[in-house]
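Subject: Structure handover

Hello,

Here is the structure I promised to pass on. Please open it and keep it on screen while you read. My notes follow below.

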Amino acid sequence: MCGIVGYIGGQQAAPVLLDGLAKLEYRGYDSTGMAVYDGREIRMVKATGRLKVLDALTKGGSTLSGTAGIGHTRWATHGSPTDTNAHPHFNGSASIAVVHNGIIENYQKLKKKLENRGYQFVSETDTEVVAHLLDRYYTGSPLEAIAKVMHRMEGSYALGIMFRDHPDEIYAVRKDSPLIVGKSSQGNLIASDVPAILKYTRSVYFMENEEIAKLSRDSITFYNIDEEELVKEPSEISWDISAAEKGGYDYFMMKAIYEQPKAVADTMSPRIRDSRIVLDELGMSDEEIAQISKIYIVACGSAYHAGVTGKYVLEGMARIPVEVDLASEFRYRNPILDTQTLVIVISQSGETADSLAALREAKTRGSRVLGIVNVVGSSIAREADHVLYTWAGPEISVATTKAYSTQLVALYLLAMKFSSVRGTISEAEFTSMLEALQQLPRQVEFLLGSQERIQKFANRYLAADHIFFIGRGLDYAISLEGSLKLKEISYIHSEAYAAGELKHGTISLIEEGTLVVAVLTQEELYPKMLSNIQEVRTRGAFVMAVANANHADLEKNADYVIYLPEINPYFTNSLAVIPLQLFAYYVALGRGLDVDKPRNLAKSVTVE
Ligand code: F6R
């Protein structure tokens, strides 16, 4: 979603802002803008479209001179993507400039009140309300005005603010939308995410809810909403900028796909010691694990699909009932929770608005929350009672691949840990699973070698109208993810079905030449899947099967087969996902699409 960058220091601000915004492009956006204080006034340039338009308009930032500024990439929510609706927004006299990520939920009420007082609005955005409200309460102290405005706004917001009267300061505000502050010898910065400022500093403050930061060239001061000064310690970012760059790949997505063996190993290896799964970082005692009576897994999108896999694995191994729910549903459906219920919230970004709200709902109702999170220090990581980090590294492409794969690993680790504590699997089963788990990075690597073959196959389906994915049990879980990956980046309509459910309606959509991707890795369900494949082939479907290597006979029953190395059945999703990711990638690439920036999508969905 929207990206914010701000800079104040000794260098020209606009090139720093452009550079930072480029690092936030992955978040998804449809317009851009910058405001820079030029020594006399705040000057602003905004543009619809890609960042290169803003770059060209400002000649790489050189036409906006000044050493303090704020920049923005906008993902439209209120008002269509136009130059006028792009951020920054000014108050009437252009003395206050604001960039915003989030949604001001009561903006209509506030706008009406401001209009009654004579304020005139030029855009359709909720953000413009913030600029005028600041104007309304500003009497010389930015801090006082900001605090007053915060008391009146409902919703989520990360804000970057400049006041013409205070040219040596920029302000940052955070409530329920991510914002960090970077401290560097060349000046100080604000940003929505670490990659935007990593070129300048590794020393980062994670802002908490309802905090205000005042940045000058050589100082950073934090305040709470009551304008009291706060003492905060910076964190050191341990990963390198190269982790957030393409490193020779055409797209971030391909780089992330190829980073999966490492991401899987990094997430798993530190937690396996002396043939045991060690999750001390969770801070959950064996007694607490033994007392869990029910698990809810709550997440959105691909993280939800990881949760569907988690249900099969946790129920199968640890024999704990698991319900998986979409965070946007869970938070409003009055879920039945108690102190014995563990709620697992899965999120790459740790900032997804619905997942965060679901976490808060669960805590309010007395349940403990375990976050499976990739971004260290993110809201979900900070607010969960227990955190299991996935060590995927920064994931830049909008469509998740490596983070999803590490979420699966985190769920396997939890399931095995819970099973061994609760005694639901034998020592021998545990040992064999642990061995299988440790094979995963190598097997993922092996499957990545089938890239060329999958690309050739994908090229035959560039003009497809519909593609179906079918599977049973865990194979249904991976079908959901395969289908989402394909549709989100290729724009080909696709659906995933539990294979046994096809004949209850969906099979009417199968016609001559329809591609059906069938996943059959679960041995006990193999004969059932063969029947389902027959059902669709009889109706003209072309079937691509993803199956275990021991089924060479499948070539008689399917039109194209991808074989997976032998693995414990609980872990097959980690292998089956690889050809499905590659297939989606090459279909999108073949259709000439920007794989990293699918239309209408944002990386971190920080609004409802
Ligand atoms: C799809 C994708 C999304 C995310 C979803 C949740 O490729 O990336 O479906 O999985 O928006 O995001 P996080 O994991 O950040 O909560």
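Start with the shell around the ligand. Domain 2 (252-448) and domain 3 (451-590) each give at least three residues to this shell. Keep in mind that this is a predicted model.

Next, the make-up of the shell. Five of its residues are nonpolar, seven are polar and two are charged. There are 14 residues around the ligand. Those that come nearest are Ser 347, Gln 348, Ser 349, Thr 352 and Glu 488.

Now zoom in on the ligand's oxygen atoms.

- Ser 347: a polar atom of its side chain is 2.6 Å from an oxygen atom of the ligand.
- Gln 348: here a polar backbone atom lies 2.6 Å from a ligand oxygen.
- Ala 303: a backbone N or O atom is 3.5 Å from an oxygen atom of the ligand.

How much of the ligand does the protein bury? On its own, the ligand exposes 400 Å², and the protein buries 90% of that. As for the site, the ligand sits in the second largest pocket.

Two points on the backbone remain.

First, go to Pro 88. You will find Pro 88 in the loop between β4 (68-74) and β5 (89-90). The peptide bond that leads from His 87 to Pro 88 is cis. Its omega is near 5°.

Then go to Asp 176. This residue is in the loop between β8 (170-175) and β9 (180-184). Asp 176 is not a glycine, yet its phi is positive, at about 60°.

Write back with any questions.

Best wishes

How values were computed
Residues numbered from 1 in each chain as written. Predicted model: local features only at pLDDT ≥ 70, side-chain atom pairs only at ≥ 80, totals over all residues. Heavy atoms only, no water. Near = heavy atom within 4 Å. Polar contact = N/O pair within 3.5 Å; in protein donor to acceptor, adjacent residues only side chain to side chain. Areas by Shrake-Rupley, 256 points an atom, 1.4 Å probe, with all protein chains shown as cover. 1 Å grid on protein atoms, 1.4 Å probe; cavity = no way out; pocket = protein on both sides within 12 Å on 5 of 7 lines; lining within 4 Å. Sits in = over half its atoms within 2 Å of the grid points. Nonpolar A, V, L, I, M, F, W, Y, C, P; charged D, E, K, R; others polar. Domains from an automatic or database assignment. Helix = DSSP H or I, 4+ residues; strand = E, 2+ residues; numbered from the N terminus.
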